[in-house]
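Here is a briefing on one protein chain.

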Amino acid sequence: MKDMMEEKIFFGNDNIRLEGLYADADSSTGVVISHPHPLMGGDMRNHVVETVTETLQRRGMATLRFNFRGVGGSMGVYDGGLGEKDDVLAAVSFLGDKGKKDIILAGYSFGAWVNSGVMADRSFLPAVFISPPVSLLNFETTSLTGKVGLIVSGDSDQYCPKEKLKDFADRLICRLDLIANADHFYTGKRKELANSIQAFFTLSE
């Protein structure tokens, strides 16, 4: 499938206006893609976020990647994950306004953690967690059981120890893909990351 064109958009409310890149599709499914840690240079143009976005677009899904508050053209300041959950919900609302009834949350690193907090209180289609930093941040497994479809990480990721990830995936009852010799940033391994996500959604059809 030909890559879809993304359009720069702003959404949210007058207090927190967020900057995003939206690609529409003739599908009821929309994906919110959350980026890594704002205080460590994370934003919506991160290479891993771009890989995830392009892969999902090729599956025919509408995508919305965006900058958390205080990043790029988004208003506000970093809020330790609390306000960022509201940012994800604002992105979900934007997709709903675009007629997307089936919403998937995909998050990379810090973005996976923020998404997990949103998922604790609401139901979405099974989520995708890319390199959830289980050694740095606390993920509440009880409220996430059955809500995550795929966890993918490098087997050389210093923030995602393999044994912790395996235990995490077992608790969530979800698929775990470990990419050989990949670090947290998927240096030289973004094609393998794309293949993992592609394979998951192919099996889910």
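Strands S3 and S4 run parallel and are joined by 4 bridges. Strands here are DSSP runs of E with at least two residues, helices are runs of H or I with at least four, and both are numbered from the N terminus. Two strands pair if DSSP finds at least two bridges between them. This is a predicted model, in which local features need pLDDT of at least 70, side-chain atom pairs count only at pLDDT 80 or more, and totals for chains, interfaces and linings use all residues. Residues are numbered from 1 along each chain as its sequence is written, and side-chain values use heavy atoms, with hydrogens and water left out.

**The sheet**

- The open sheet has 8 strands, ordered S1-S2-S4-S3-S5-S6-S7-S8, and its pairing is mixed.
- S1 (7-12) and S8 (175-179) are the edge strands; each has a single partner strand, so one side of each lacks a neighbour in the sheet.
- From one strand to the next, the twist averages 20 degrees. Angles run from 0 to 180 degrees between N-to-C directions, and axes are lines fitted to C-alpha atoms, for helices over the stretch in contact.
- S6 (residues 127-130) and S7 (residues 148-154) run parallel, with 4 bridges between them.
- Opposite Phe 129 stands Ile 151 in S7.

**Strand S4 and its partners**

- S2 and S4 pair in the antiparallel sense, over 4 bridges.
- Ala 23 stands opposite Thr 63 in S4.
- How many residues of S4 are buried? The count is 5 of its 5, so S4 is mostly covered, where buried means under 20% relative accessible area, exposed means over 50%, and partly exposed is in between (1.4 Å probe, protein chains only).
- Ala 62, Leu 64 and Phe 66 point one way from S4, whereas Thr 63 and Arg 65 point the other way. All of these are buried.

**Helices on the sheet**

- H2 lies across S1, S2 (17-23), S3 (29-34), S4 (62-66) and S5 (102-108). Its direction is at about 155 degrees to S3.
- H5 (residues 190-204) lies across S5, S6, S7 and S8. H5 runs at about 160 degrees to S8.

**Helix H2 against helix H3**

- Two packed helices are described by the angle between their axes and the distance between the axes.
- For H2 (residues 82-97) and H3 (residues 110-119), the axes come within 9 Å and cross at roughly 80 degrees.
- H2 and H3 are therefore roughly perpendicular to each other. On this scale, angles under 35 degrees count as roughly parallel, over 145 as roughly antiparallel, 65 to 115 as roughly perpendicular and the rest as oblique.
- H2 contributes Glu 84, Lys 85, Val 88 and Leu 89 to the contact, and H3 contributes Phe 110, Val 114, Asn 115, Gly 117 and Val 118. Contact means heavy atoms within 4.5 Å.
- By class, the H2 contact with H3 has 5 nonpolar, 2 polar and 2 charged residues. Nonpolar covers Ala, Val, Leu, Ile, Met, Phe, Trp, Tyr, Cys and Pro; charged covers Asp, Glu, Lys and Arg; the others, Gly among them, are polar.

**Loop residues**

- Asn 15 sits in the loop between S1 and S2. With 64% relative accessibility, Asn 15 counts as exposed.
- Asn 15 and Gly 76 are 61 residues apart in sequence, yet 7.9 Å apart in space, C-alpha to C-alpha.
- Is Ala 25 buried or exposed? Ala 25 counts as buried, at 14% relative accessibility. Its place is the loop between S2 and S3.
- The C-alpha atoms of Ala 25 and Met 61 are separated by 5.9 Å, and the two residues are 36 residues apart along the chain.
- Not counting residues up to four places away in sequence, Ala 25 touches Met 4, Gly 60, Met 61, Ala 62 and Lys 100.
- Ser 109 lies in the loop between S5 and H3. Ser 109 counts as buried, at 8% relative accessibility.
- Neighbours within four places in sequence aside, Ser 109 is in contact with Pro 36, Ile 130, Ser 131, Pro 133 and His 184.

**Cysteines**

- The count comes to 0 disulfides, a disulfide being a pair of cysteine sulfur atoms within 2.5 Å.
- Cys 160 is in no disulfide; its nearest cysteine sulfur is that of Cys 174, 13 Å away. Cys 160 counts as buried, at 1% relative accessibility.
- Cys 174 is also in no disulfide. Cys 174 is buried, with a relative accessible area of 16%.
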